[in-house]
Amino acid sequence: MKKILLLATGGTIASRPTAAGGLAPAITSEELLACVPELADLCKVSAVQVFNLDSTNVGPAQWQSIVRCIKENYDAYDGFVIAHGTDTMAYTAAALSYMVQNSAKPVVLTGSQKSIYNRDTDARNNLYRAFVYAVSDGAWGVQLVFDNKVILGTRARKTRTRSFNAFSSIDYPETAVFRDTRLVTFLRRPTDQPPVRFYERLEPAVFVLRLVPGMRADIIPLLAPHYRALVLESFGVGGLPGGEHGEMFAALRRWCESGRLAVFTTQVPHEGCDLAVYEVGRAVGELPGVLEARDMTPEAVAVKLMWALGQTEDREKAARLFETPIEYDIM
């Protein structure tokens, strides 16, 4: 029987009503397991409370804590299940995909739209199926299990705020699905995987700027003292208002000349960006230090930049790390 470690981090799945009327994480890892006694028939389960936070409060420091816990226990367990809040779970899934690379053992994130404390909830279903995937033959890498779907950590995105089918796989097929309780796997563990590699260093000085029509260019120099990289969520396949003769272009050129990175992505949910399509994007794409996210999710773009910048101070080396496909994040 396989050994699985549950890492509890808080979130809606572990929340109870507060005296003020809202929800806040309060249910422990052991209490979560007690709510799904069927897990004892699947595997030998241990649990650890890494932290107990609303996922809105989860960021790089918490990702590092999760990675340290997995690294310390990696040899002792066959897989890991992380109970997490849904609001930032796609960010955490992407971050772990870059921080725990080439894992032949599954690192599975799950959560719920309603607390396991409630009678009618998706929490038990999601937690149980996360363990079913974790113990299955061929399970691997960082995956997100939610509403009977298994999604690559680099491709997961929360697309609904209330519904049980809250997560979607963006521009990539699901790696597996559940038909009732039967797991149907589509993407199996890659052959000839290198040894697992852990990374803990991150550089959180990444700013995401969503362009809106009429935005002034003076926002960019205001960011320069505080950030090493800028993600620009542009329109359509990508471009910059005013093209190469506009004020935004001049501001971005100065940003890049200072040794910083700028990554273009799109506000459109699917199919990615391509700066070469229109004149408003072509010249921008030729600036040293400008990269394209292509079909990466916004969550993956932001945290991959944090990871790449955490590995090196050299802009060109960081750019190469960002542009190297990892866990199917770039197609």
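1. Contact here means heavy atoms within 4.5 Å. The model is predicted. With that cut-off, helix α6, residues 247-257, lies across β16, β17 and β18. The helix runs at about 135° to β17, which spans 261-266.

2. Now the sheet under discussion. Strands of a sheet pair through backbone hydrogen bonds, either parallel or antiparallel. Four strands form this one, and the sheet is open. Their order is β15-β16-β17-β18, with parallel pairing. The edge strands are β15 (206-210) and β18 (290-292), each pairing on one side only. From one strand to the next, the twist averages 25°.

3. Look at one strand pair in detail. Five bridges link β15 to strand β16 (residues 229-234), in the parallel sense. Valine 208 has valine 231, in β16, as its bridge partner.

4. Next, a pair of helices. Two packed helices are described by the angle between their axes and the distance between the axes. Helix α8 covers residues 298-311 and helix α9 covers residues 315-323. They pack at an angle of about 140°, and their axes are 9 Å apart. Angles over 145 degrees would count as roughly antiparallel, so α8 is oblique to α9. The crossing of the two helices, α8 and α9, is right-handed.

5. Which residues of α8 and α9 meet? From α8 come Val301, Lys304, Leu305, Trp307, Ala308, Leu309 and Gln311. From α9 come Ala318, Leu321 and Phe322. By class, the contact of α8 with α9 has eight nonpolar residues, one polar and one charged. Lys counts as charged, and Lys304 is among the α8 residues in this contact.

Key: Residues are numbered from 1 along each chain as its sequence is written. This is a predicted model: local features need pLDDT of at least 70, side-chain atom pairs count only at pLDDT 80 or more; totals for chains, interfaces and linings use all residues. Side-chain values use heavy atoms; hydrogens and water are left out. Axes are lines fitted to C-alpha atoms, for helices over the stretch in contact, and angles run from 0 to 180 degrees between N-to-C directions. Angles under 35 degrees count as roughly parallel, over 145 as roughly antiparallel, 65 to 115 as roughly perpendicular and the rest as oblique. A crossing is left-handed if the near helix is turned anticlockwise from the far one by less than a right angle, and right-handed if clockwise. Two strands pair if DSSP finds at least two bridges between them.
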